[in-house]
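I opened this entry to keep track of what I looked up. The points follow in the order I checked them.

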Amino acid sequence: RLYKHPWYIRSLLAEKTWGEFNITGRGTLNIIHDNNFIFPESLSQNLYFNPAERPGNNTDDDGNGLVDDCHGYNFRLNSPLLTTRSPGNLNASALHGTMCAAIVCGRGCHSSPYAFGIAPEGKWAGVIAGNRIESAVEWAIEQKADTYSMSFSIPGLGELRSHWRKIMEHGSFCGIYFVSGAGNFARSEQIPRQMRTPENIPDAVFAAAGVQRDLSRTDFSSKGPVEWDTDHYQEGKVQKPEVCAFNQGLPLLLPDGTVVPAAISGNSFAGPMFCGAIALMLSADPDLLPWDLKEIITECATDIGPQGIDNETGHGLINCYRSVKEVLRRKALREGENPDPFTGRSPDDEIDPVTM
């Protein structure tokens, strides 16, 4: 109640989730995989700290081969340095990773009246992987991360797609939820190549397509299905994406706390919205199983495209409130508690696509 929230917070019903259930992402660790991070007050106050490391002593305190990996790690430079561009020369591109983190779990602060995060009490850490995706995922597993946000898209990997898929599958077995945007290539690529790696990986990676504020599809948002025909995986056509979120005309939070309205677009930001929703669900029940989480978030989505699942918006727009409510209902049943407070539909438990 102390801060202003961007419009997507209300449209995804995150605000209703906080207020009714007091579920705000507390207890989750969200890894943001990107190329540069700035640490404004809105993000530094919930920055993860590796408890086995002592900062600034140039020593590998936890014995994992990485020196001073307190808040994440730059595997490309083999360094803890996560700010790779001068803060004096910032633009929307340089703030890409910072905005992804802010959408997942940015908080309100003294320097700004705005709080951008869907799961504002979650923790976050940054990784810059370069060509060491294996090491970045391993670090996330070591830190017991909950989500891993990947706002990038790699074409033409060929058989190497299988290697990436195996990495994500093993990370999933270790309890990490990998999330990605669906990509921005509907204008330039043909189906089934519009969705690339990692967003085209089935099951182990959740992908969010993009819609505009009025719930119309963004014309650059990549569509499924995807195709798997490698030496290790031969499913053929696979349905994608899973859900959709907002990806056009989003506000940009600058490091000094000011906000530029309608300044950024791209599925890079739909993925973190999906990540924030998952963080809320895991905050409600840390023991939630991966297959249950996927079932809940897809069944609780608001269908805004052709009836049923489709290859443009998946199961529909993410609904944080209904998803967390269903998580709490199942948790109550599992623990022998009364599920009635979380059972059934309620007024205003989804947005109305007709009136948007």
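**Gly-130**

I looked up Gly-130 and found a relative accessibility of 48%, so I logged Gly-130 as partly exposed, since exposed would need over 50%. The model I am reading is a predicted one. I placed Gly-130 in the loop that connects β3 (123-128) with α5 (133-142).

I traced the strand order next and got β2-β3-β1-β4-β5-β6-β9, an open sheet of seven strands with parallel pairing. Which strands stand at the edges? I noted β2 (72-74) and β9 (243-246); each has a single partner strand, so one side of each has no neighbour in the sheet. From one strand to the next I read an average twist of 25°.

I then went into one pair. Strand β5 (residues 177-181) and strand β6 (residues 205-211) run parallel and are joined by four bridges. For Gly-181 I looked up the bridge partner in β6 and wrote down Ala-208.

**Helices on the sheet**

I checked two helices against the strands. Helix α4 (residues 96-105) lies across β1 (29-33) and β3, and I recorded an angle of about 155° between α4 and β1. Helix α5 packs on the sheet as well, where I listed contacts with β1, β2, β3, β4 (147-150) and β5. The direction of α5 makes about 150° with that of β4.

Definitions and conventions: Residues numbered from 1 in each chain as written. Predicted model: local features only at pLDDT ≥ 70, side-chain atom pairs only at ≥ 80, totals over all residues. Heavy atoms only, no water. Buried < 20%, exposed > 50% of the residue type's maximum accessible area, 1.4 Å probe, protein only. Pairing = 2+ DSSP bridges. Axes fitted to C-alpha atoms, helices over the stretch in contact; angles between N-to-C directions. Contact = heavy atoms within 4.5 Å.
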